[in-house]
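The following paragraphs lead through an interface between two chains and the surroundings of a single residue. Please keep the sequence and the coordinates at hand while reading.

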Amino acid sequence: MFIARIKGNVVTTQKVQAMTGRKLMIIEPLVVKEEGKGRSMAPTGRCMVAVDSIGAGTDDVVLVTQGSSARMTEQTSETPVDCVVIGIIDTITVHGDQTYSKNKE
Amino acid sequence: MFIARIKGNVVTTQKVQAMTGRKLMIIEPLVVKEEGKGRSMAPTGRCMVAVDSIGAGTDDVVLVTQGSSARMTEQTSETPVDCVVIGIIDTITVHGDQTYSKNKE
Amino acid sequence: MFIARIKGNVVTTQKVQAMTGRKLMIIEPLVVKEEGKGRSMAPTGRCMVAVDSIGAGTDDVVLVTQGSSARMTEQTSETPVDCVVIGIIDTITVHGDQTYSKNKE
Amino acid sequence: MFIARIKGNVVTTQKVQAMTGRKLMIIEPLVVKEEGKGRSMAPTGRCMVAVDSIGAGTDDVVLVTQGSSARMTEQTSETPVDCVVIGIIDTITVHGDQTYSKNKE
Amino acid sequence: MFIARIKGNVVTTQKVQAMTGRKLMIIEPLVVKEEGKGRSMAPTGRCMVAVDSIGAGTDDVVLVTQGSSARMTEQTSETPVDCVVIGIIDTITVHGDQTYSKNKE
């Protein structure tokens, strides 16, 4: 899995029928950036599309699963989905320091 | 999934029988490019081949699925296909701004 | 899928039994290169090994499938194969221009 | 599989139900770095999230499996997990030299 | 599949039970390097861990399979393994030239 920030959403009318009603989010993977003693979650400039399975929204920092494992949720089972948001992240702790907290954003 | 633009098509006569009648598209993945306050969908220079499952054509901006999930459509089930176009994108919205609209191209 | 040129072949005597009789090809992925108004299929310097399922040979430009989908051919079913040649490419057309033709090489 | 160091952990409250009770670790892949005659396991700056299946903790050097194979453990079976820690590494030997030893850290 | 050289091995005591008795090798992917008219198999600096299924050892040049296909051998079936050595390479021929021969090393 990887950590990403939701940046927006995608609308498609003409699509495979199994995708009807699926919420499509634009996500950007994040990495732990270490500068001196400080750490933060930094953007990567990459861009992917994931189905939301938990009610996430723009700016949320989320946990994302790829590949065949992305079909292991109720919303994505038996669909042509290879990327799914499976959790909203509360905190990220790196070497004992809280690098990210949802409540402090 | 990822966003791509269809750039053209591929013709193969000598091929695995299960691929007969499958439409093969050349696609280029796109990324969200941020410049100052403006945003656009920018090309990456990468190149892949996807099966079309929805009647997409050259220049369309589309949603693409990879891996085993690419076999989860009627056109690709039980075939040696690892990349499929599953939707034509109408709009992409990033942080509240409409970054792409099919009608404005 | 992706487009590749076959560069040569690999011989292995000591191997998993299921691989007996499988033809192993060295392949190099190609990308569409745009220079001014001209376009060509350019080498990437990358190197992979694929099983041939259709009688392809050195210098052929071919269509290649990866992952679990590479096991969806008669020659690769139930084998530890993750990359297979599924077609010999006749023509590649990008934005209306014929970028590659087997007959003109 | 690949070698990684555990850097910390991730907490998510709002998540897919199948992920309840799964321990989520931040991991950083390592590579063998050769300098003159010396060798060490060097960080890559990359960042992923894996489920722990064996009681690993921060700073452990571990063995990690990705993709559908990440669902082949008791803790991850039938879950939307694509990355799992499957072993704590005791020693890494490269060309006869012990490049890493858990006991010497 | 890809070509790699075995560089060493990994020992893990605390691990998922299904991995008991599996031989873990450190491998480095190789690429065909072309210099003038000469060609050789060059190291990439990348580093992965594969299960050996055929009795390979340090310095052998081998054929490696990834993903779900890595579970299609007797030693790796039903295990959390995503990378397996499936053959020891005797010769690699590129455009008619023997680029690698096991007997000449």
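Strands are DSSP runs labelled E of at least two residues, numbered from the N terminus. In chain D, the loop between strand E5 (61-66) and strand E6 (83-94) contains D:Ser69. The model is predicted: local features need pLDDT of at least 70, side-chain atom pairs count only at pLDDT 80 or more, and totals for chains, interfaces and linings use all residues. Residues are numbered from 1 along each chain as its sequence is written, chains are lettered from A and ligands numbered from 1 in the order in which they are written, and side-chain values use heavy atoms, with hydrogens and water left out.

D:Ser69 has a relative accessible area of 0% and is therefore buried (under 20% relative accessible area, 1.4 Å probe, protein chains only). Leaving aside neighbours within four places in sequence, D:Ser69 is in contact (heavy atoms within 4.5 Å) with residues including E:Gly67, E:Arg71 and E:Val81. A polar atom of the D:Ser69 side chain lies 2.8 Å from the backbone oxygen of E:Val81.

Between chains A and B, 30 residues of chain A are in contact with 27 residues of chain B. A:Lys7, A:Gln14 and A:Pro80 supply 26% of the area that chain A buries against chain B, more than any other three residues; buried area is the accessible area (1.4 Å probe) that two parts lose on being put together, summed over both. One salt bridge is found across this interface (a side-chain nitrogen of Lys or Arg within 4 Å of a carboxyl oxygen of Asp or Glu). Its partners are B:Glu34 and A:Lys7, at 2.5 Å, N to O.

Methods:
Helices (H or I, at least four residues) and strands (E, at least two) are DSSP runs, numbered from the N terminus. Buried means under 20% relative accessible area, exposed over 50%, partly exposed in between (1.4 Å probe, protein chains only). A polar contact is a pair of N or O atoms within 3.5 Å; within protein, one must be able to donate a hydrogen and the other to accept it, and residues adjacent in sequence count only if both atoms are side-chain atoms.
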